[in-house]
Amino acid sequence: MQTSLLNKYCDARLPWYTIYPTVPDFSGSVGAEACKTWLRRLPPDDPVSLYLHVPFCRSICWYCGFPTSLTRSERPIRDFLAVLREEIRLVAEQVPRALPVSDVHFGGGTPTTIAPADFLALMELLRGCFAFSKSATVAIEIDPRAFTVEMAETLGAAGASRASIGVQSFDPLVQRAVNRLQSEAQTASAVETLRQHGISRINLDLLFGLPHQTVQSCVDSARTALAMRPDRLAVFGYAHVPSYMKRQRQIDEAALPDNVARAEQAAAVADTLVSAGYRQIGLDHFALPDDELALAQTAGQLRRNSLGYTADTCKTVIGFGPSAIGRLRDGYVQNEIATASYSQHIGAGRLAISKGYCLTAEDRLRAAIIERLMCDLQADLPAICAAHGFDPIAVLDSADRLGMLAEDGIVDIEAGLIRVRQQHRFVTRAVAAAFDAHIDRAPY
């Protein structure tokens, strides 16, 4: 891709559009009372997904953009779990009967900082408060540096079926630059231990755009990951926002690659993974042909939620823990980000919602367009508008940046079908932003 186009459209401030509208549009006017009302309105027979955010790590990675805190003792984790259990009960009290659950995801932070016995008790509580389907997927994020056989046994006993393992890079130079030293042997051991205990669906996370990364080091990390034959890989671009995430100030900005180098790294990793038999999913995922994501993409059912790409078709996601985002029929809600504030609300017997967003009909339309662009790299505007009761011409006219994207050869537009050219998929977020009614309207 031309350098001028990369510099024009690779704006780090653009949202990743895991949800729409995005978190900066959330307002404090939507709080606990609205959330309680929305929970009570949920259809009792519609399956839901659960997300649980565990905000603790044993060490802090400087690149991380998620709300986490360092703890080397067990006390803060046990105290947090007591609050989390109470939140689960509070939410369960709002719905008329135990909602059916098809997906559960433990994120963080490092969910495996929870002691094995406490994790089993937490799963028992969830199964007591919700109606888990027999085929419910239980997924968990893992840091292999402190992963034990006992925890693997626990996950197997708890019914976990998918694990996402953070890698980022296998290059020791890069690892030192981001404060995450993790050997290939540690990662391979975690993968093997998980498989031995029945957690066979494995995802590995890689990053490009980190300090001191090169095309070759990115490719080498991808090849090392491929030797472990994960079901899927997520290959994210590092977002350097030190004004927002103070820990990123530890990273040497002079060692970060520019937009052109980042694009070259992303393309090289993609070529490596596709050549090894993986299918490219949306913007940044790769999956074996028989993986759920690949099957969903083939069927036109690939979805996007606050965790990224998913085959989960649930319309409702209920979030637990500090900073967790929930997606209900009426809109979005987010818990207090600070663990202390979150705990204070739950301790007082009220939901810990700090802000949210009430969806309009136009928001739902634009969310559908953006989701299809992010998932399929194309959107059938007339079909989507017809489903939502909007005039496609008016919507197309409102996307004033679309003409510029077409002139620059980023997209093709024919009879209302908008298609991102394959060689320009790296800037798909800029295409999605053309339909974002909330984004700053300053030109690129």
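Phe 56 and Phe 80 are both buried (under 20% relative accessible area; exposed is over 50%, partly exposed is in between, with a 1.4 Å probe and protein chains only). This is a predicted model, where local features need pLDDT of at least 70, side-chain atom pairs count only at pLDDT 80 or more, and totals for chains, interfaces and linings use all residues. Residues are numbered from 1 along each chain as its sequence is written, and side-chain values use heavy atoms, leaving out hydrogens and water.

## Aromatic pairs

Rings of Phe, Tyr and Trp (its six-membered ring) pair if their centres lie within 6.5 Å; planes under 30 degrees apart are stacked, over 60 edge-to-face, the rest tilted. The count is six aromatic pairs. The ring centres of Phe 56 and Phe 80 are 5.8 Å apart and the planes stand at 75 degrees, so this pair is edge-to-face. Phe 56, Phe 80 and Tyr 342 form one aromatic cluster.

Phe 208 and Phe 426 make a tilted pair, with 5.9 Å between centres and 45 degrees between planes. These two residues are 218 residues apart. Phe 208 is buried because its relative accessibility is 6%. Phe 426, at 26%, is partly exposed.

## Charges over rings

A charge sits over a ring if NZ of Lys or CZ of Arg is within 6 Å of the ring centre and within 35 degrees of the ring normal. The charged end of Arg 304 sits over the ring of Tyr 309, 4.3 Å from its centre. For Arg 429 over the ring of Trp 16, the distance is 3.7 Å.

Key: Helix = DSSP H or I, 4+ residues; strand = E, 2+ residues; numbered from the N terminus.
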